Each structure stands twice: as C-alpha cells, then as structure tokens.
Amino acid sequence: MLCLVPTPIGNLEDISQRSLNILLEADLIFCEDTRVTKKLLNLLADKYKLDFSSTLSKEFKSFHSHNEEEVLKSLSKDIFTKNVVYCSDAGMPCVSDPGASLVDWCIKNSVPYDVLPGANAILTAYAMSGFSSTEFTFFGFLDHKGVSRASKLDEVLNSNRVSILYESPHRLLKLFEELNKKEANRTIFLVKEISKVYQTTYKDSAKNLYEKLKKLEIKGEWVVVVEAKEKIGFNLELDDILPLDIAPKIKAKLISKLTGESIKEVYQKLLDKITK
C-alpha cells in the first residue's frame, strides 16, 4: 500500500500522530529529496523521542519532477506489498509538489493508496486572509516572464474568485510592481514563512504593499492572496453575446472581462458556436 504523508511546512508540531506512525512503519520511502526527508526524520526523532533507526536502515528513493517518468517505469505491484510512503519536502504531496503521477499509477494498476491530511500553505493562507469569498483558484507560481506571465496575471485580476499564488523572494517585488501598475487599489493579503518563527502577514492595497516591500529585505517563502474582482451587473452567457453584431475577438474580450475566463478560451467557444 502507498501512503502519501504531508510534512510540516515550518513548525514540527504540525505533524500528526498518524503521520508519525506511518513513517515509523514504512519499509520504503519515496522522497522529493532524500536528504531533506532524512533530516526531517532526525528532527522528529529528537523532538518526539522516537526511534526511526529501523526506518532509516530501509530504502529511500528520490521521486521528483525530473525523474518521475523513469521511476514509474521501474515500478511493479509487488513493491506495494510493503509499507510504502511518499512525502515531499514540505506540505501536502501533489499540491504544487510531486506525487500526482504516483497516485495515478496506483489507480491505473489497482494498487491501494491513502492520503493523510496535514499542513498546507494554500488553505492556511486562505483562512488567514479574511476574505469572505467561498471560492478560490490556486495558480501556483506564475511564469517568470513573457506573454504567458502577463496573460495569467490578467486572469488572476479578472477572476471573480479569490486567487492564491506562490512567489519566491527574488520575484515578489516584481509581482507587486506589476500589480501596482494594473490594479493599484486591489486588496492583497500577503504572508511569509507560514508556521515558522518569522511568520509575517500584511493586508493592504497593491500600491501600499509595493511601497512597503521596496523598503524591506525580502526573504523567505511567500503566499499571495488576491481579492476577487468585484462583480458588476450580471454575468452574461455566450448565447447573450453571440447575436451582437461585433467581431468575435471583441466579444471574447467582453466576456472575459465579465466572467474571468481567459480571452483565448472564450474566443474558441465563440468559434465553436459559429461553426456548429
């Protein structure tokens, strides 16, 4: 059987007793980084007076975005007659971390698996934000540059849902420079180092946060929660716009602004309607 075990994103006390038991009983541990996981087990052993020696003598195998295809090809169902665990470096596997392809392999090969609940930066930041919206979209890390980054950021700002992003300390100021130019008055919630000693939160307009960040030495891991775009009027359907005597590209831009969908997706839907 495979168990996916979430690991603390900062505070060691966030690991559950169930997760500790699964790690103690593991025969084989797939890890995003074997060095990180071994260090974590040593820290947990010291803190909770546990003996991971039997586990540490077993096999650790790396499983990450660069080798997952190779590892999956080497798997057999016999491996999972043992107690097999997968854990990423921090947080919930499969959520902006490797693991999803391993779960899919288990499903396709009728191998039993379970996912334990645990620490997750996305949900924690969402709960901390104070935004009352019941819906959100997780965008992960935006592309570093180019048209795709600009397009995705427009999608974030035009969404009627709260949007959640991850950002590195090296690009956080760039992100807020872009937000300041596009939506200076949009309210943003910002948190760094969730559950760690230097956890810090901010909630203000993009303009004010940009000015504040310019004065800081930016370090750590950041989660950015963007207020949903205020709904104005009614959301129109494609069938409401289609009869209008305007070019499809203009229709697509209009619907994109109203619904938060990307212009490309809306334009394709319009073309599909026209060709039917």
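A salt bridge, as the term is used in this talk, is a side-chain nitrogen of Lys or Arg within 4 Å of a carboxyl oxygen of Asp or Glu. Good morning, everyone. The structure shown above is a predicted model, in which local features need pLDDT of at least 70 and side-chain atom pairs count only at pLDDT 80 or more, while totals for chains, interfaces and linings use all residues. Residues are numbered from 1 along each chain as its sequence is written, and side-chain values use heavy atoms, with hydrogens and water left out.

Let me begin with the salt bridges. How many salt bridges does a search of the whole structure find? The search finds 16. I shall present three of these pairs.

Helices here are DSSP runs of H or I with at least four residues, strands are runs of E with at least two, and both are numbered from the N terminus. Glu155 is partly exposed at 23% relative accessibility, and Lys152 is likewise partly exposed at 33%. For these words, buried means under 20% relative accessible area, exposed means over 50%, and partly exposed lies in between, using a 1.4 Å probe and protein chains only. Salt bridges with shared partners also join Arg149, Glu167, Arg171 and Glu178 into one network.

The next example is Lys108 with Asp104, where the closest N and O atoms are 3.0 Å apart. Where do these two residues lie relative to each other in helix α5? They are four residues apart in this helix (residues 100–108), so about one helical turn separates them. Lys108 counts as exposed, at 64% relative accessibility, whereas Asp104 counts as partly exposed, at 32%.

In the last pair, Arg35 forms a salt bridge with Asp33, and the closest N and O atoms are 3.0 Å apart. Is Asp33 buried or exposed? Asp33 is buried, because its relative accessible area is 18%. Arg35, by contrast, is exposed, with a relative accessible area of 65%.

Val36 is partly exposed, with a relative accessible area of 31%. In sequence, Val36 and Asp89 are 53 residues apart, yet in space their C-alpha atoms are 6.2 Å apart. Thank you for your attention.
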